[in-house]
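Open the model in your viewer and keep the sequence panel beside it. The tour below goes from one selection to the next.

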Amino acid sequence: MKALDKNRSIWDKIYSEGKYLQYPNESLVRIIERLFVKPGNKKLLDLGFGSGNNLLSLCKRGFECYGCAVSPAALDLAKKRLKEIKKTADLRLQEGKIPNDNDFFDVVSSWQVIYYNDRKGLEFSIKEIKRVLKKETACSRFKREKT
């Protein structure tokens, strides 16, 4: 069984049974507030949004939110939770590539997500994040200096 199929099965079971946290990750909220809530940093991808805890918080902070997840149950749950707070986001199942154009997002969040992959999946995820993230973003100041 491929890692993607295994992950989908595990997460579908968790979200179908209602076993998920209710609140956004405090560290992510602090990082977003300090670094990314700036004019022009509006298009945000929550890669692996799960039950939508972080996604809901990010939508409330004014981001134009998008999301990809491998679990159909997570997709249904996040859509339901967004509807309850009268917010919208473009949420999709991820079957392979992130379904957005190159250089599309100002910010990509993948909080406690991509390390569930095997090595091949991890490398693919990083490559995809680089592809969809705009080259000039608030993150670009964090590029390593050549030594």
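What follows is a list of stops, each with something to select and what is found there.

**Before starting**

This is a predicted model, in which local features need pLDDT of at least 70 and side-chain atom pairs count only at pLDDT 80 or more, while totals for chains, interfaces and linings use all residues. Residues are numbered from 1 along each chain as its sequence is written, and side-chain values use heavy atoms, with hydrogens and water left out.

**Stop 1: the whole chain**

Show the chain as a cartoon. There are 5 helices and 4 strands; helices (H or I, at least four residues) and strands (E, at least two) are DSSP runs, numbered from the N terminus. Along the sequence they come in the pattern α-α-β-α-β-α-β-β-α.

Of the 147 residues, 40% count as buried. Buried means under 20% relative accessible area, exposed over 50%, and partly exposed in between, with a 1.4 Å probe and protein chains only. Contact means heavy atoms within 4.5 Å. Among contacts between residues at least 6 apart in sequence, 75% join residues at least 24 apart.

**Stop 2: helices α1 and α4**

Select residues 3-16, helix α1, and residues 72-84, helix α4. The two helices pack at an angle of about 40 degrees, and their axes are 7 Å apart. Axes are lines fitted to C-alpha atoms, for helices over the stretch in contact, and angles run from 0 to 180 degrees between N-to-C directions. α1 and α4 are therefore oblique to each other: angles under 35 degrees count as roughly parallel, over 145 as roughly antiparallel, 65 to 115 as roughly perpendicular and the rest as oblique.

Now show side chains. On α1 the contact is made by R8, D12, Y15 and S16, and on α4 by P72, A73, A74 and L77. By class, this contact has 5 nonpolar, 1 polar and 2 charged residues. Ala, Val, Leu, Ile, Met, Phe, Trp, Tyr, Cys and Pro count as nonpolar, Asp, Glu, Lys and Arg as charged, and the others, Gly among them, as polar.

Stay on R8, which lies in helix α1. R8 is buried, with a relative accessible area of 16%. Leaving aside neighbours within four places in sequence, R8 is in contact with V70, S71, P72, Q94 and E95. The C-alpha atoms of R8 and P72 are 64 residues apart along the chain and separated by 8.1 Å.

**Stop 3: an aromatic cluster**

Select Y66, F104 and F105, which form one aromatic cluster. A search of the whole structure finds 3 aromatic pairs; rings of Phe, Tyr and Trp (its six-membered ring) pair if their centres lie within 6.5 Å, and planes under 30 degrees apart count as stacked, over 60 as edge-to-face and the rest as tilted.

Y66 and F104 form an edge-to-face pair, 5.3 Å centre to centre with 90 degrees between the planes. Y66 lies in strand β2 (residues 64-69) and F104 in the loop between β3 (90-93) and β4 (107-109), so the pair ties together parts that are 38 residues apart in sequence. Y66 counts as buried at 11% relative accessibility, and F104 is buried at 18%. F104 also pairs edge-to-face with F105, at 4.9 Å centre to centre and 85 degrees between the planes. F105 is buried, as F104 is.

Where does the charged end of K43 sit? It sits over the ring of F104, 4.1 Å from the ring's centre. A charge sits over a ring if NZ of Lys or CZ of Arg is within 6 Å of the ring centre and within 35 degrees of the ring normal.

**Stop 4: P99**

P99 is found in the loop between β3 and β4. P99 is partly exposed, with a relative accessible area of 32%. Beyond its neighbours within four places in sequence, P99 is in contact with C68 and R92.

**Stop 5: two positive phi angles**

Most residues other than glycine have a negative phi. Select K86, in the loop between α4 and β3: its phi is near 60 degrees, a positive value. K86 is exposed, with a relative accessible area of 75%. Then select Q112, in the loop between β4 and α5 (119-132). Phi of Q112 is near 55 degrees, also positive, and Q112 counts as partly exposed at 49% relative accessibility.
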